[in-house]
Amino acid sequence: MQQLAPTSTAGHSGDPALTLSGITKTFPGVKALNAVSLELYPGQVTALIGENGAGKSTIVKVLTGIYRPDAGQMSVDGQPVRFNTAQDATETGITAIHQETVLFDELSVAENIFIGHAPRGRFGLIDTARMHAKAAEILDRIDAPLDPATPLKDLGIANKHLVAIARALSVDARVVIMDEPTAALSQKEIEELYDLVERLKSEGRSILFISHKFDEIFRIADRYVVFRDGEHVGAGSMADVTEADLVQLMVGRAVDQIFPDRPHATGAEVLRIDNLAHPTEFEDIDLTLNAGEILGVYGLVGAGRSELMQAIFGITRPSGGTIRIDGVETVIRSPADAIARGIVYVPEDRGKQGAILGLPIFQNVTLPSLGRTSRAGFLRLAEEFALARGYADRLDLRAAALDQDVGNLSGGNQQKVVIAKWLATKPKVIILDEPTKGIDIGSKAAVHAFMAELAAEGLAVIMVSSEIPEILGMSDRVIVMREGLIATELTGADLTPETLVRHAAGIRSQAPERAAGVVQ
Amino acid sequence: MRRALTSREALLVGVILSLLALIASRFPAFVRPANLVDVFTDTAPLIILALGQAVVILTRCIDLSVASNLALTGMVCAMLNVAYPGLPIPVILLVALALGALLGAFNGVLVWTLGIPPIVVTLGTLTIYRGLIFVMSDGEWVNAHEMSAAFTGFPRAEIFGLPVLAWIAIAATVVLLIVVARTPLGRAFYAVGGNPNAAVYTGLDVGKTQFWAFVLSGTLSGLCGYLWVARYAVAYVDIARGFELEVVAACVIGGIAIAGGAGTIMGAVLGALFLGIIKNALPVVGISPFWQLAISGAAIVIAVAFNARAGRRKGRLILKRAEREAQA
């Protein structure tokens, strides 16, 4: 491991173009990156692999100057660098092409390519003619059949990716980060992207390729790096590993969190969904849910899990299929309908969708229950306080007073307020979307214990989660979603980290000795 | 509740009292009860409109059409009085409230069903409502001598030493205080403006809540329309032109966050009183009316800067707290 030695180990072509070492980034309650290292070599594609929440997005933001790491060194060609702004990263030659392209719809192709470094003419004004000529030249180099003057909004996603790549070339980027670039592309467009990646390689650029799709990683990557829970857990040459090895690295050691012990006995069917479909997000969804059950829903980001839950909750309208509650077919047109029928949804993004930070705790808790706490159309504050007090005690909410604004609470306590709000409506089905994302370990355990308690009281729980330990530790049954479909349903002995990842990522066949735990 | 008293409202009461003391030290006549009643009565329309505007701003919208609504409703009432001089005042009041509500509902429907940004909708209706007055009146004035004595007398009639206009402002304030603080709709105004996304997940209909805010604002504007025309005994196309900005200013000074979800009805009333006192005191003190505008403007900027600073300090506190918890 002589990282800074002038000659590097075999298998790499030359010195790394970019080296990160000991990079640490902490957010309140979460260590997003813990002393990770990363090396990118010129003319090579390095695949960055990891579960949701492994720290992939955080490292991209560190590399592109959006986050400043708390600790660690970054060097380009052996020279230490520090990025204070995104501009610094661009000037050093690092650019990123994001899953959803970060471009300007109202500007032209050429303006998008050259924004921030447009060629200047007299009086420092933008030299449009020269900008268009240079843009055409770059687009020509990557065989992109685009007119520099076209407004970006007229292009499809694949062509927007081309514009992003052209932008990378316009600053002569030496390091190109591609964050799930094929997620929204058709097969033909993907092939064209691969050709382009090959071309960037041959020009000696370093590419960091983030993807969940194993087939494409094996096709175009030269090296791999695996992150897990914000730590670097493995790296090497693609030639030396199998899919099984990578899955093993991603899911890692056995579950080391403690989860509440609970019986797997469940009651009558509460919710039954047949053939539910949405025009763009999912289809063919069949699922049942029993009283007292915790149903885990696993899948990669973008598999359609939250979209399915939003349709069940009435935020979006499904295009087909039926929903039955206690055996009675119901149509849910709005969240108010869902709440009235006993379905509640604790969304993933607490700040944006969960709590109203400017309102006091008790008002947040009673917001969907005001019908019960008011009389003759007037609110009764004493009643509201009593209701909020009951759930605050039950959830062990840590707050100075119930009329304190929710915005002043920690993440874990905000989550408790949101859960209290829903429990106060006395639901039959509670849907928890990533219930412990971004909260500290202590609050996590409390949320888990509370989920177990709710199920024991006969509530039916759907838990959407990207954390494998949580899925394994809490669920009676798990459905895995992939690309808007239910890939499989797993219970009992079939429920292992490997089977989850395999079904979520769509890895078809496995080495025989590993196939034992797979449900086909 | 205690927090509310230590905040913007208490500060404004302090500012208003010291302003009065300052003026009284030079012109004691200004703080004589009779004059204070005059100042309050003069500020009543501003207070009434600020009540409605405050609710609209709470829901993260804005209503720029209030002054046009006032002028249009006022003209309709005046023409009605000319055409049917015997029409009793309660009927006129009912017409004013209903027409105002209708004009407000028109704004609300556009915001709710078509999802057009409120600033665009009400900028449009600001012009449309003004235009309608011209179409209706052919640009003619309705003058004092054409109006019946009962029509012009109503807002000036005194009850317990206060004109009816002042009593109506007080009554409207009480009603709005109760609606906003003590009804589910009032709670919804805060929730929808504070976090529309979360409000949707809570089962609230954001558009519908905003619709009701516009209806409320329109109703109050309509009420003011009759009172204004009767008090000044004249109706024409241009009455109260530009008044909507003064109304918004009163809300902002009163601590209603322009981003929605924060502020109190009492704050808006105090903001209106502050502007009203300045407006009435400057001529007495002998400062040119041009300075009035500059002083009102400065008050707005200071108030907004104050809001922004308060918000930032809060943000830092949260961070500190998070840091502490992360270390613990």
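Because the model is predicted, local features need pLDDT of at least 70 and side-chain atom pairs count only at pLDDT 80 or more, while totals for chains, interfaces and linings use all residues. Residues are numbered from 1 along each chain as its sequence is written, with chains lettered from A and ligands numbered from 1 in the order in which they are written.

In chain A, 6 strands make up an open sheet of mixed pairing, ordered β6-β7-β8-β3-β9-β10. Strands here are DSSP E runs of at least two residues and helices are H or I runs of at least four, numbered from the N terminus; two strands pair if DSSP finds at least two bridges between them. At the edges sit β6 (94-97) and β10 (231-237) of chain A, each pairing on one side only. From one strand to the next, the twist averages 20°. Strand β9 (residues 223-228) of chain A runs antiparallel to β10(A), joined to it by 6 bridges; one of the bridge pairs is A:R228 with A:E231.

Helix α5 (residues 157-170) of chain A touches β6 and β7 (175-179) of chain A, its direction at about 180° to that of β6(A). Angles run from 0 to 180 degrees between N-to-C directions, and axes are lines fitted to C-alpha atoms, for helices over the stretch in contact. Contact between residues calls for C-beta atoms, placed from the backbone, within 7 Å. Helix α6 (residues 187-202) of chain A lies across β3 (45-49), β7 and β8 (206-210) of chain A, at about 150° to β8(A).

Elsewhere in chain A, 8 of the 9 residues of helix α18 (residues 497-505) are buried, that is, 20 or more other C-beta atoms, placed from the backbone, lie within 10 Å of their own. Among the buried ones are A:L500, A:R502 and A:H503. Their cover includes α7 (214-220), β13 (294-299) and β22 (485-490) of chain A. Just past α18(A), A:G506 has a positive phi of about 75°.

Over in chain B, helices α4 (residues 66-83) and α5 (residues 89-113) pack at about 145°, their axes 10 Å apart. Residues in this contact include B:L72 and B:V76 of α4(B) and B:V95 and B:L99 of α5(B).

How values were computed: Contact = placed C-beta atoms within 7 Å. Buried ≥ 20, exposed ≤ 12 C-beta atoms within 10 Å, placed from the backbone.
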